[in-house]
Amino acid sequence: MVQDDSSVKSSKPHYIRPKHVNLFNEPRNFDFSTWVSENSLKLLVFCILTLTVAALFFFLQTSNTTQNSIFCFKTSHQNHPEKLKFPKLDLNSIQPILDKSSPYSSFHSEQWIVVSVSDYPSASLQSLVRIKGWQVLAIGNVKTPKDWILKGAIYLSLEDQANLGFRVVDYLPYDSFVRKTVGYLFAIQHGARKIFDADDRGEVIGGEIGKHFDLEIDGDIAKEQRILQYSHVTANRTAVNPYVHFGQRSVWPRGLPLENVGEVNHEEFYSEVSGGMQYIQQGISNGLPDVDSVFYSTRKAGLETFDIEFDEHAPKVALPRGMMVPVNSFNTLFHYNAFWSLMLPVSVSKMASDVSRGYWGQRLLWEIGGYVVVYPPTVHRNDELEAYPFSEEKDLHVNVGRLIKFLISWRSEKHRLFEKILDLSYAMAEEGFWGENDVKYTAAWLQDLLSVGYQQPSIFQIELDGQKGEIVPGDRKEFVPRKLPSVHLGVEESGTVNYEIGNLVRWRKSFGNVVLIMFVSGPVQQTALEWRLLYGRIFKTVVILSNQADADLAIGQGQLDQLYKYLPKIFYRFNSTEGFLFLHDNTILNYWHLVQADRSKLWIANQVPTSRTAIDQNLSWFSKQADMVKKVVSTMPAHLQVNYKGSNPSEQSLAFCGSEVFYVPRKFVQDFIDLVDLVGDLDIHHKIAVPVFFMAMDVPQNFDSVLNKMIYKTEASSIDSQDFYSAHVPAVHPWIVSNESDFLKLIKLMSAGDPLLMELV
C-alpha cells in the first residue's frame with residue numbers, strides 16, 4: 001500500500017481501494033466535468049425515460065378531449081368487437097351442382113331416411129333399411145370404420161362427401177353428426193320430397209313410417225283434416241312440454257327451458273288448425289326418449305335402464321305461432337317446404353345443434369304459414385346406459401330460454417324466404433346464440449340448396465304482431481291426457497291425487513248447473529244408485545225415469561216410446577238450470593269429452609251415419625208417423641216451421657235419428673215445451689219426435705258437433721261391448737248394464753278417462 005504524502009501535490013489522488021472499504025464513507029473531490037464524462041451513458045438513458053414519461057402524461061391529459069389515446073383504443077377494442085360482416089349473396093347467379101362423383105348419379109327417390117353412422121350397422125339401422133318405399137342414406141365421419149357397408153343403404157364416406165362439390169363441406173367438423181347436412185343436400189339433389197331425420201338407435205314402431213306421420217299433406221282430404229292445437233290464449237307462454245300431452249308429466253325433452261320443467265298440468269282446452277301445413281313433424285320415442293343430461297343423470301336408480309312409454313292413442317298436436325317446442329334430429333319428418341330448415345349449425349355444441357336448428361326453423365316456418373306438429377310414439381330407442389355429457393349441453397341450458405324469446409320477437413323486412421333465413425342467422429350471431437362461422441355456413445347452405453335444384457317456398461303474408469283473437473266456447477276442444485306409470489323415476493310422483501281432483505273440479509264447474517235426465521230400461525232397482533254415483537259427481541242432479549216409478553229410489557215413471565212428453569215437467573222443476581242432457585242407459589257418456597262443447601247450442605248425433613236415416617213413407621208404420629209429423633208441422637209457429645222445412649230432406653221422407661243422447665240448452669227449452677204441446681195426444685215416437693223438434697228449434701249446421709264423434713253400433717248384439725268401447729269418444733252405444741258386475745266392468749274401462757273412478761271399485 002502506498003501512503004498519501006501531504007507534501008506531494010497531485011490533481012488526481014491515486015490509491016488502491018480495498019474491497020472491504022465502504023465507498024460511501026470515502027471522501028472524494030467532486031469534479032462535474034469528470035462526473036459527466038464518466039456517466040454520459042446513464043444520463044442519456046435517463047433523458048430518454050424522462051421524455052417518454054412526459055409524452056405519455058401529455059397524451060393522458062389530452063384524452064379527455066380526444067378518444068385516440070393508446071389505452072382508450074385498447075379498451076374500446078376489447079369491449080366492442082369488430083362488427084360482423086353480412087355475407088354478400090347473389091342468389092340469382094347460382095350454378096347447378098350435379099352428382100358426377102358417386103355411383104348414384106342417376107338414382108332418384110322421393111322418400112329418404114338420413115342417419116349419421118360412427119360404428120358398424122346396428123340392428124335398428126338394419127330394420128330401417130327394410131322399410132318399403134324409403135331410401136336409407138348413411139353419412140360417415142372420422143370415427144366410421146373404413147369398411148362400413150350395409151346392403152340397401154347408400155353410404156357417403158368423408159372422401160365421398162368432399163367430392164360432391166357442396167360448399168357446406170368447408171364448415172363441417174370431421175367427428176360430428178352435423179355432417180348429415182351433406183346428406184340432406186344429397187337427398188334433395190336426388191329427388192327428395194320427404195326426409196325422415198333419424199339415427200341408428202331408433203327402430204320405427206311397426207316398421208312403417210306412414211302409420212305414424214302425415215306423408216300426404218297436399219290433397220284436399222289432407223287439408224280438410226282438423227288437428228288439435230295448443231291454445232294461444234295463455235299470456236307469455238312461449239314453450240311447451242309435449243310429453244305431458246302424451247301421458248308423461250314428469251319427463252321433459254332435451255331443449256326445453258329448465259324453467260318450464262315444472263309445468264306439469266295438462267291443457268285446460270285446445271283449439272284446432274287445418275291440416276296441410278304441418279311441414280315439420282316431430283315424433284316421440286318410447287324406451288329412451290329425447291331427454292337431456294339433467295333428466296338422464298337425476299331421474300334413474302342405479303344402472304336401471306329407461307323404458308318410458310307414451311300414449312300411442314293421444315292425438316297429434318300442433319304449435320301455434322308464438323309458441324315453440326324442442327325439435328330433434330333423430331325422429332323428425334321434414335316435408336319439401338321445410339327442407340331449408342335442415343341445416344345443422346356448427347358453432348354450438350353437438351347436443352345443442354339440432355335443438356338450435358329446431359327453434360330457428362320453427363320461427364322461420366311461420367313466415368311461410370307452416371307449423372310444427374308433435375306425433376304419438378313413432379320409434380323405440382333402447383337405453384344403452386351411455387353417460388350424457390352435461391358439458392356439451394351447457395350452452396343449451398344457458399341460452400335456450402333467451403333464444404326462444406328472441407326468436408318470437410324477431411322481425412325482418414326482407415321479402416324472400418332465403419333472405420329472411422340469412423337475416424335471422426346474422427341476427428343470432430350478433431346476439432351470441434351461435435358464431436360468425438354459422439353465418440357464412442348459412443350462406444353456403446342456401447347456395448347449395450339452389451345448386452341442387454331446391455325451390456324456396458313463397459312468403460305467407462301473416463300478421464305476427466296483431467292481437468290474437470279469443471277462442472270462443474264452440475271452438476274449444478277438450479283432451480284429457482292419460483297419466484301413464486312413471487316407476488322409472490326411482491321416486492314416487494307427487495301431486496297425482498291433486499291432478500285428478502283438479503279434473504273433477506273442472507268437469508263439475510262445466511256441468512254443475514246442467515241436469516242429467518236418464519231413462520233406465522234395465523233393472524232399475526239394481527242400477528239406479530250406481531248411475532247416480534257415476535254421473536252425480538259431474539252434473540247438478542241426475543233425474544232417473546223408468547217404466548215403473550219407485551218413490552223410495554226417487555225414480556219417476558215414463559214410457560220410452562214417448563219419453564219426450566215427460567220432459568217439460570222436469571224442465572219446469574229445474575227452471576234455473578243452464579240446460580238438460582238426456583241419456584238412455586244403453587249409451588255410456590264419457591263426460592270428460594263434453595267440456596269442449598258449446599252449452600248454448602243443441603247437441604244430437606245427427607251426423608253419425610249409423611244413427612240416422614231418411615225413412616220411406618210407404619212403410620205403413622212410418623207412413624202413419626209421417627202423417628202425424630205433417631199435422632204438427634202445419635201448426636208450428638213461423639220460426640219453427642221455417643227451420644224444419646229448411647232442414648228436412650224432403651216432404652216424401654222422414655228423418656229418423658238415434659235419440660239416445662241429446663242436449664237442450666236453456667234458451668231452447670220453451671221451444672221444446674211448445675212443440676210437445678203441439679204434439680198433444682198424437683203418438684209420435686220418441687226417435688222421430690226428437691229429431692223433428694231439433695230441426696224446428698234450429699238448423700242442423702248450428703248444432704254443436706260434439707256427439708257426432710260418438711261410437712254408434714246398430715248390430716252389436718253379437719259383439720262384446722268391451723271390444724268397441726273407447727275412452728277417446730264422447731259417448732258409446734250400445735252398452736247394457738244389468739247388474740253390479742256389469743257396472744264394475746264399465747267403471748274399470750271408463751277409468752282410462754277418469755282415473756278417480758277406480759275409487760268406486
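A: A charge sits over a ring if NZ of Lys or CZ of Arg is within 6 Å of the ring centre and within 35 degrees of the ring normal. In this predicted model, local features need pLDDT of at least 70 and side-chain atom pairs 80 or more, while totals for chains, interfaces and linings use all residues. Residues are numbered from 1 along each chain as its sequence is written, and side-chain values use heavy atoms, without hydrogens and water.

Q: Over which ring does the charged end of Arg599 sit?

A: Over that of Phe511, 5.8 Å from its centre. Arg381 lies over the face of Phe330, at 4.0 Å from the ring centre.

Q: How many aromatic pairs does a search of the whole structure find?

A: A pair is described by the distance of the centres and the angle of the planes. The search finds 37 pairs (Phe, Tyr or six-membered Trp rings with centres within 6.5 Å; stacked under 30 degrees, edge-to-face over 60, the rest tilted). Tyr171 and Tyr441 form a tilted one, at 6.0 Å and 45 degrees.

Q: Where do Tyr171 and Tyr441 lie?

A: Tyr171 is in the loop between helices H5 and H6, and Tyr441 is in helix H13, 270 residues apart (helices are DSSP runs of H or I, at least four residues; strands are E, at least two). Tyr441 is buried at 0%, whereas Tyr171 is partly exposed at 24% (relative accessible area, 1.4 Å probe, protein chains only: buried under 20%, exposed over 50%, partly exposed in between).

Q: Which kind of pair do Tyr725 and Trp735 form?

A: Edge-to-face, with centres 5.6 Å apart and planes at 70 degrees. Tyr725 is buried at 11%, and Trp735 is buried at 4%.
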